[in-house]
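Work through the exercises below with the model open. Each task is followed by its solution.

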Amino acid sequence: MLSLTRGLSSLSIRPLHLSAAVNSSVFMKKQKKMDPEVAKQRETRRRKRLEKEIRSMQKHSKKPKPVDELTLDVKSSKNISERRREAVVYSEEDQDEYAVALKDYTRSRNALQLQDDKWMREAIRMQSKALDELKKIDSELWQKAVQPDTNFPLISNGPAHSPPVKGYIAPDGDYIDTTRSWT
């Protein structure tokens, strides 16, 4: 049996020899011996630089985010003196004229509202009077007149704010986050 296993191993398995060249990669750098004092100086410099970056990050993190409406662009800030307007001082006559015009406008709008209201009330009153007369003449015709007309589609919008439906699971929709981030 020993002779059989020797024959198989020599045929199918090749001996594998590892050398130093195979163990090390071409991309691996050979480590240089460094003076411990120089290594310590480099480490302290690197640590100081990192601490400085951390301090600057903490300093900038306290600044509030800029608001677009409150910032002034450079182009506008250069001619800010030209953009300032003097406060307009109205004379007493102009103020009186403005007040009179405002009162006239309010009166005209009020009169128009009253006229529209009167017209609507009159139309409703005449309609109900006509229906009463029709009811006296023919009750079947009155029943048909009172029925809603189904020949045209009725589109009505309900209240804009309605109570939530219990047990309703809202479908997931697409949401695109447009929030700007300052880093």
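**Exercise 1.** Find which residues of H6 meet which residues of H7.

Solution. Take contact as heavy atoms within 4.5 Å. On the H6 side, list Leu 131, Leu 134, Lys 135 and Ile 137. On the H7 side, list Ser 139, Leu 141, Trp 142, Ala 145 and Val 146. Now sort the residues of this contact: 7 are nonpolar, 1 is polar and 1 is charged. The model is predicted; local features need pLDDT of at least 70, side-chain atom pairs count only at pLDDT 80 or more, and totals for chains, interfaces and linings use all residues. Residues are numbered from 1 along each chain as its sequence is written, and side-chain values use heavy atoms, without hydrogens and water.

**Exercise 2.** Determine how the axes of H6 and H7 cross.

Solution. H6 spans residues 92-137 and H7 residues 139-146. Their axes come within 6 Å and cross at roughly 145°.

**Exercise 3.** Locate the charged end of Lys 135 relative to the ring of Trp 142.

Solution. Require NZ of Lys within 6 Å of the ring centre and within 35 degrees of the ring normal. The charged end of Lys 135 sits over the Trp 142 ring, 4.5 Å from its centre.

**Exercise 4.** What share of the chain's residues is buried?

Solution. Buried means under 20% relative accessible area, with a 1.4 Å probe and protein chains only. Of the 183 residues, 1% are buried.

Terms used: Buried < 20%, exposed > 50% of the residue type's maximum accessible area, 1.4 Å probe, protein only. Axes fitted to C-alpha atoms, helices over the stretch in contact; angles between N-to-C directions. Helix = DSSP H or I, 4+ residues; strand = E, 2+ residues; numbered from the N terminus. Nonpolar A, V, L, I, M, F, W, Y, C, P; charged D, E, K, R; others polar.
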